[in-house]
Amino acid sequence: MPTVLRFDRFEFFLHSGELITDGSRVRLEPQPAKVLAVLACRPGEVVSREELQKEIWPADTFVDFERGLNYCVRRIRIALDDSASAPRFIETLPKRGYRFLAAVDGLCSPELEPPPPGQAVEPAPSGAAPLAKDGRRAVLRLALSVAALILAGAAVVLSTRSSTVPTVAVTLFDNETDHRDLDRVAQVFTDALVERLARDSTRWSVIGNAAILRTPRPLLNLETIASSLHADFIVLGQIQPSERGLTVLTHLIRARDQRHLWVGRFASPAVVDQGLASRIAETVAAAATQRIGSGR
């Protein structure tokens, strides 16, 4: 059974969701990677939105499916340098679904691992056979099961909390601008906020590196975060485009009833420095100090 799909200049590792091009990893979040796996395992076929929902989002998962799927397809196109208006990989068929356009080869090699960053990828063998239709779903289900086990394991390991102080979970700030260079800025804001909140260890415990917290915002399930990490409060962040640069939003949410306790809005220039991240972190920490004690 194939473990790697090869198309154009890309290699896609089904088990890990790694996307490689020219020897370098291309950033692709877990949920978009699952959508890519479904489409690339069925090249040339129309995959309906309903099929994608059934494969990727189980019936007991409560998310905004339409927005979540649109987000995933947008992130895949960014990763593949594709275009919705002139697609080379992902074609949108209005009211029907999506179709993967590129020819796909499947390589079966249990020993094969993704290369480390910067290391050249070995070219595909000339005799690599096209991926057969039978067995595609088995491969896909195996890949999705492995990804789910990894995420669940990380959440369980990090789920212990203090019995005397509330737990605050900080999600990765979501880059809603479609500019990939701002992914780094989102990480800077997140790290600054986690570092600042962690200073007040007598007030609360902070979780900021669990895998479930790295889920893109359209796919976030606050109930799952609360139950997996035993979080009492959740901090969400968004980076949005504005006429004069960027708008940064932060939300402090009480987990048990998903009630907003506080929302902060900050104007930011297009070029963000560490000073702004620190000021936002200080403001959020001050708001948390005032509200968490009474909001618990």
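Which strands does H2 lie across, and at about what angle does H2 run to E5? In this predicted model, H2 lies across E5 and E7, and its direction is at about 65° to E5.

**Overall composition**

The protein chain has 296 residues, and buried residues make up 50% of them. Its secondary structure consists of 7 helices and 14 strands. Among the contacts in the chain with a separation of 6 or more, 63% are between residues 24 or more positions apart.

**The sheet E5-E7-E6**

Three strands form an open sheet in the order E5-E7-E6, with antiparallel pairing. Strand E5 (46–48) and E6 are at the edges and have a single partner strand each, so one side of each has no neighbour in the sheet. On average, neighbouring strands here are turned by 30° against each other, direction ignored. As a general point, strands of a sheet pair through backbone hydrogen bonds, in either the parallel or the antiparallel sense.

The pairing of strand E6 (residues 90–93) with E7 is antiparallel and runs over 4 bridges. Within it, Ile 90 stands opposite Phe 100 in E7, and Thr 92 has Tyr 98 of E7 as its bridge partner. The hairpin of E6 and E7 has 3 residues between the strands, and Lys 95 in this hairpin takes a positive phi near 65°.

**Helices on the sheet**

H1 also packs on this sheet, where it touches E5, E6 and E7. The direction of H1 makes about 70° with that of E7. The axes of H1 and H2 come within 10 Å and cross at roughly 125°. That angle makes H1 oblique to H2, and the crossing is right-handed. On the H1 side the contact is made by Gln 31, Lys 34, Val 35, Val 38 and Leu 39; on the H2 side it is made by Leu 52, Glu 55 and Ile 56.

The angles for these elements are collected below.

| Pair | Angle |
|---|---|
| H1 and E7 | about 70° |
| H2 and E5 | about 65° |
| H1 and H2 | roughly 125° |

In soluble globular proteins, nonpolar side chains tend to be buried together. The largest nonpolar core in this model has 33 residues, of which Phe 7, Phe 12, Leu 19, Val 35 and Phe 100 touch the most other members. Two or more residues each come from strand E1 (4–7), strand E2 (10–13), helix H1 (30–40), helix H2 (49–56), helix H3 (65–80) and strand E7 (97–100).

Leaving out residues up to four places away in sequence, Leu 19 touches Phe 7, Phe 10, Glu 11, Phe 12, Ser 24, Arg 25, Val 26, Leu 28, Leu 36, Ala 79 and Leu 80. Another core, of 29 residues, lies apart from the largest one and includes Leu 182, Leu 193, Ile 280 and Ala 288.

**Trp 204**

Is Trp 204 buried or exposed? With a relative accessibility of 2%, Trp 204 counts as buried. Trp 204 is located in the loop between helix H5 (182–198) and strand E11 (205–207). Neighbours within four places in sequence aside, Trp 204 is in contact with Val 165, Pro 166, Val 168, Leu 197, Ala 285, Ala 288, Thr 289 and Ile 292. One of these, Ala 288, is also a member of the core of 29 residues. Trp 204 and Asp 232 are 28 residues apart in sequence, and their C-alpha atoms are 9.6 Å apart in space.

Notes:
Residues numbered from 1 in each chain as written. Predicted model: local features only at pLDDT ≥ 70, side-chain atom pairs only at ≥ 80, totals over all residues. Heavy atoms only, no water. Core = buried A, V, L, I, M, F, W, Y, C linked by side-chain atoms within 4.5 Å. Buried < 20%, exposed > 50% of the residue type's maximum accessible area, 1.4 Å probe, protein only. Contact = heavy atoms within 4.5 Å. Pairing = 2+ DSSP bridges. Axes fitted to C-alpha atoms, helices over the stretch in contact; angles between N-to-C directions. Parallel < 35°, antiparallel > 145°, perpendicular 65-115°, else oblique. Left-handed = near helix turned anticlockwise from the far one by under 90°.
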